[in-house]
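Trainee: Before we look at any pair of charged side chains, could you show me how to read them in a model like this one?

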Amino acid sequence: MSKQAIPTPQAIRGTQDIFGAEAEAFGHVVETFERVRKLYRFRRVEMPVFEKTTVFSRSLGETTDVVSKEMYSFEDRGGESLTLRPEFTAGLARAYLTNGWQQHAPLKIATHGPLFRYERPQKGRYRQFHQIDAEVIGAAEPQADVELLVMADQLLRELGIADGVTLNLNTLGDGPSREAWRAALIEYFRAHKDQLSEDSQDRLERNPLRILDSKDPRDKPFTADAPMIDQFLSDEAQDFFGKVTAGLDAAGVAWVRAPALVRGLDYYRHTAFEFITDRLGAQGTVLGGGRYDGLLEALGGPATPAVGWAAGIERLAMLVADSRAIAEPAADVAIVPMGPAAEAACLGLAATLRRGGLTVDMGYRGNMKKRMSRANESGARFALIVGDEELAAGEATVKNLVTGTQERMALHAIPAHIAA
């Protein structure tokens, strides 16, 4: 009787296993972000991957697509509704309130990690995806917006992907400005309601700003002539936006005005922005954010100004991979032990070299030819060949894999020789 084959589990749709050059590009994005955020003194935070569902339903709104269609929510054994985080900001705002971080205000924080949304997978978008995120909580000054935007611009430059990326910038005004604009949009779109798309008809009364960024061709003729925010900006809102744009100009950050760039949720105020590229197809935003002065109030906290941005690591990594080759790191040294005694001794030698800051590769099997072939593939500058004869003398044959020259050398002298 033949043994029945056990089926191999497959990856869940919308997830990915990242390896090789893709993983190196992913890591390069994270490492660059970590380096840049330290330049701006943003403090690192780590957040739970799941929160109480109300954290996201209150912050994102029960009627948004994210809450109604895309969240991974479940009931735990205690009967409480929990949700895998679909974005960072709501959890960070919750942490700010529950941990007493107000004492550090204005608080500059940064994080990165996985997020989860049940949506149709497409290029650069997955059901488990990863973002980098930076926020300033407790600062009402436009300088906070400027600092975040300059930081984002520097990140893209240091990743080598700033060419062809444009900062689109808009203002949503303060509370009174936004409410006046919202009322005017409702009045305008009501006159064309029957000709709008179904989604826009649904949004008209509760979220008319979202109609402005509709991609449906049926809406385009009407969005082009819709009232714009500039008609309703208070003096204070105009002054705030003017300080943001002046700050960007002073920092040498190029921007273009995008009057149709909006945020549908009511707690967004003043600055809204997206860094856009044409190198990712229809999904052109590589980094986006804005000021969300009303969010912490929506979560039950006091009125607290805040501004932030997030960027998809996968998308940034795709741009990095397209712009340059990110190879796996080469070894400084490849160790080629010949025989059981040499293998045991070389484990100690490898540890010593690595503790000295050198990258070391050592094969576990194969004859001399195979091990030397592996040494060449590792990209190492030197191969250390250790057989019984060398071991007995406390030496190794050091071969320069670039020039082909080699010499015998005492083991204790090798680290300094290689590091030179």
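Mentor: Start with accessibility: buried means under 20% relative accessible area, exposed over 50%, and partly exposed in between (1.4 Å probe, protein chains only). This is a predicted model, in which local features need pLDDT of at least 70 and side-chain atom pairs count only at pLDDT 80 or more, while totals for chains, interfaces and linings use all residues. Residues are numbered from 1 along each chain as its sequence is written, and side-chain values use heavy atoms, with hydrogens and water left out.

Trainee: How many salt bridges are found in the whole structure?

Mentor: A salt bridge is a side-chain nitrogen of Lys or Arg within 4 Å of a carboxyl oxygen of Asp or Glu, and the search finds 20 of them. In one, Glu-205 pairs with Arg-190, with the closest N and O atoms 3.0 Å apart. Helices (H or I, at least four residues) and strands (E, at least two) are DSSP runs, numbered from the N terminus. Glu-205 lies in the loop between helix H7 and helix H8 and Arg-190 in helix H6, so the pair ties together parts that are 15 residues apart in sequence.

Trainee: Is Glu-205 buried, partly exposed or exposed?

Mentor: Glu-205 is partly exposed, at a relative accessible area of 39%.

Trainee: Which residue meets Asp-230 in a salt bridge?

Mentor: Arg-257 does, at 2.6 Å from N to O. This pair links distant parts of the chain, with Asp-230 in the loop between H8 and helix H9 and Arg-257 in strand E8, 27 residues apart. Asp-230 is partly exposed at 42%, and Arg-257 is partly exposed at 31%.
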